[in-house]
Amino acid sequence: MIYRVSHVTKLDYAAAVANARFNLRLIPKLWHGHALHDHALVITPQPSTRSDHAGPYWVITTQIGFTSPLEKLEIANEFTIEIPDAKRANSDVDLASMRSAALGVRDLGVLSPAPYLFASRLAVHDEAIAQWGATRMQGKAGIIAAATALMGEIHQEFTFAPGTTTSSTPPGEAFLARTGVCQDFTHVMIIALRSYGIPAAYVSGYLRTLPPPGRERLVGADAMHAWVNVWCGSTLGWIGFDPTNNCLTHEDHIPIAMGRDYADVSPIDGTFIGSSPQRMSTAVDVCAIS
C-alpha cells in the first residue's frame, strides 16, 4: 500500500511566550521494506534553530527553538509512504522460552528487547494490572496466542471514550475506570506483558482514514494512533497488536516511532518561559493512493 499522510498541528498562546523549544517526533523511522517519499516538515514561523537526530529508541526527533517571542505555531508534516503487505507468523513460541530468550539477548540496540523489559517513565509497574493479566500470561501458551488473548480482554472490557483521559493520566487510573483511548489501552497492555517478562513497546503512528470497501473503519483514524509491539523471539521479531481495534497490525497501520511508552514518542513536547494558556488543535488525513 502507498499512503499520503498529512498532519497539521496548531498552537496558539493567549500571550507571547519566550525561549520556546520543542521536540517533534513526526518523521517516520522506517522499518524493513518501508519507503518514504516527498517528505516535508514545514514550521511556521520558521524556528531559529532546528536539528534532526535518531534515538535513543526507534524514533527520529526534530528539535526546534525560537529566540523571538512566540504567539502562534503551525507544524505541517506531509509525506508519502509505502507499506508492504503484513506478514503473518505461522509459528509461535511458548512464554517460558520467550522469557529466557529475552533475558539472554546481549544486544542493547534500539530494536533489542532489553529496553522494553522493564518499567518506564509512564508504563510503571502496577500490581492490579499484573494480577489482571496473570491468567493470560501463565501456562504453556505461545506468546502470540497469549498477547492476542490479552488484547481481546482489553477490547472487551474497556470503553473507548475520548476526553475521559489525558496524556498525563496514569495507566493504573485508566485501568480502574476501564475507559480511555488508544494511549491508555496500549500502556495497560504493555504493563501486563512486562509484568511477566515479555518485552513490549509503545508504537505511535497512523491509520488510513477511509477503509477499503467492505471493511469497517478502524477506531482512532482521526488522530495519531498507538499500539503495542511485542518481541516474539529472534526469528519472529516484533509483532504489532492493536488493543483499540482488537487486531494484529496490518498494512493499514503506519508506524512512525517506537519507544518504551508515550513519553518516548509523543509527537510534540517542549518548554517555554511564560504562563500563557495554550490551545492546540490537530488535523490528520491518511489517503491511500495505491
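Start by selecting Asn-19: at 39% relative accessibility, this residue is partly exposed (buried means under 20% relative accessible area, exposed over 50%, partly exposed in between, with a 1.4 Å probe and protein chains only). Asn-19 lies in strand S1, residues 2-24, and its phi is near 50°, a positive value in a residue other than glycine. Helices (H or I, at least four residues) and strands (E, at least two) are DSSP runs, numbered from the N terminus.

The model is predicted: local features need pLDDT of at least 70, side-chain atom pairs count only at pLDDT 80 or more, and totals for chains, interfaces and linings use all residues. Residues are numbered from 1 along each chain as its sequence is written, and side-chain values use heavy atoms, with hydrogens and water left out.

Next, select Asn-246, in the loop between strand S10 (238-242) and strand S11 (247-248). Asn-246 has a positive phi of about 55° although it is not a glycine.

Move to Thr-44 and Pro-45, which are joined by a cis peptide bond with omega about 0°. Pro-45 lies in the loop between strand S2 (35-44) and strand S3 (49-54). Then select Gly-55 and Pro-56, where a cis peptide bond has omega about 5°. Pro-56 is in the loop between S3 and strand S4 (60-65).

Now show the aromatic rings. A search of the whole structure finds twelve aromatic pairs; rings of Phe, Tyr and Trp (its six-membered ring) pair if their centres lie within 6.5 Å, and planes under 30 degrees apart count as stacked, over 60 as edge-to-face and the rest as tilted. Select Trp-31 and Trp-58: their ring centres are 5.3 Å apart and their planes at 45°, so the pair is tilted. Trp-31 is in the loop between S1 and S2, and Trp-58 in the loop between S3 and S4, 27 residues apart. Trp-58 is buried, with a relative accessible area of 12%.

Another selection is the cluster of Trp-132, Phe-158, Phe-160, Phe-175 and Phe-185, linked by ring pairs. The charged end of Arg-178 sits over the ring of Phe-175, 4.1 Å from its centre.

Finish at helix H5 (residues 182-194), where 13 of 13 residues are buried. Select Leu-193, which touches residues including Met-137, Leu-150 and Val-230 (contact means heavy atoms within 4.5 Å).

How values were computed. Expected span 1.5 Å × (residues − 1). Lys NZ or Arg CZ within 6 Å of the ring centre and 35° of its normal. Lists of a residue's contacts leave out its neighbours within four places in sequence.
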